[in-house]
Amino acid sequence: MNGIPLINGVEYSWGDIAVTAGGVPLAGITKIDYEDSQEKENIYGAGRYPVARGHGRISCSGKITLLEKEVRALQAAAPDGRLQSIVPFDIIVSYIPINGNKIIHDKLIGCE
């Protein structure tokens, strides 16, 4: 890793990014990817072609890459030393987009 942070595959300067997890700033984060997707289904009536489209559930996923010292600190805070045992928490990613002058705040809710 070259030390340049990535948000969804786009490079940003460290001066443009702040990430907090459960209200605690993460200094040892090197990459974060997140997305959501929604089920879509064609609705058929008379004939062979769809007459409308229905929109279903939204599912979210993501992953972060941390320095080893950050992982160890999270494990130490876990009830039994396992990352999987940490209660769900929110992650807030704040950054200035390329060619932008307004700070964007993405809130990832209920992360595990």
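1. In this note a residue counts as buried when its relative accessible area is under 20%, as exposed when it is over 50%, and as partly exposed in between (1.4 Å probe, protein chains only). Strands are DSSP runs of E with at least two residues and helices are runs of H or I with at least four, both numbered from the N terminus. Read with these terms, strand β3 (residues 17-21) has a covered face made of I17, V19 and A21, while A18 and T20 make up its uncovered face.

2. The model is predicted, so local features need pLDDT of at least 70 and side-chain atom pairs count only at pLDDT 80 or more, whereas totals for chains, interfaces and linings use all residues. Residues are numbered from 1 along each chain as its sequence is written, and side-chain values use heavy atoms, with hydrogens and water left out.

3. Of its 112 residues, 21% count as buried.

4. Four strands form an open antiparallel sheet in the order β4-β3-β7-β8, where two strands pair if DSSP finds at least two bridges between them. Because β4 (24-25) and β8 stand at the edges with a single partner strand each, one side of each is left without a neighbour in the sheet.

5. Within this sheet, β3 is joined to β7 by five bridges, and A21, from the covered face of β3, stands opposite I91 in β7. Two bridges join β3 to β4, with T20 having P25 as its bridge partner; the two strands form a hairpin with two residues between them, and G22 in the turn has a positive phi of about 60°. On the other pairing of β7, six bridges join β7 to β8, and I92 stands opposite K107 in β8.

6. The lining of the largest pocket comprises 30 residues, with I64, F89, I91, C111 and E112 nearest its centre. The largest share, six residues, comes from β6, and β5 (29-44), α1 (68-77), β7 (89-95) and β8 (104-111) are among the elements that each supply at least two.

Notes: On a 1 Å grid over the protein atoms alone, a cavity is a set of points where a 1.4 Å probe fits but cannot get out, and a pocket is an open set with protein on both sides within 12 Å along at least five of seven lines; lining residues have an atom within 4 Å of a point.
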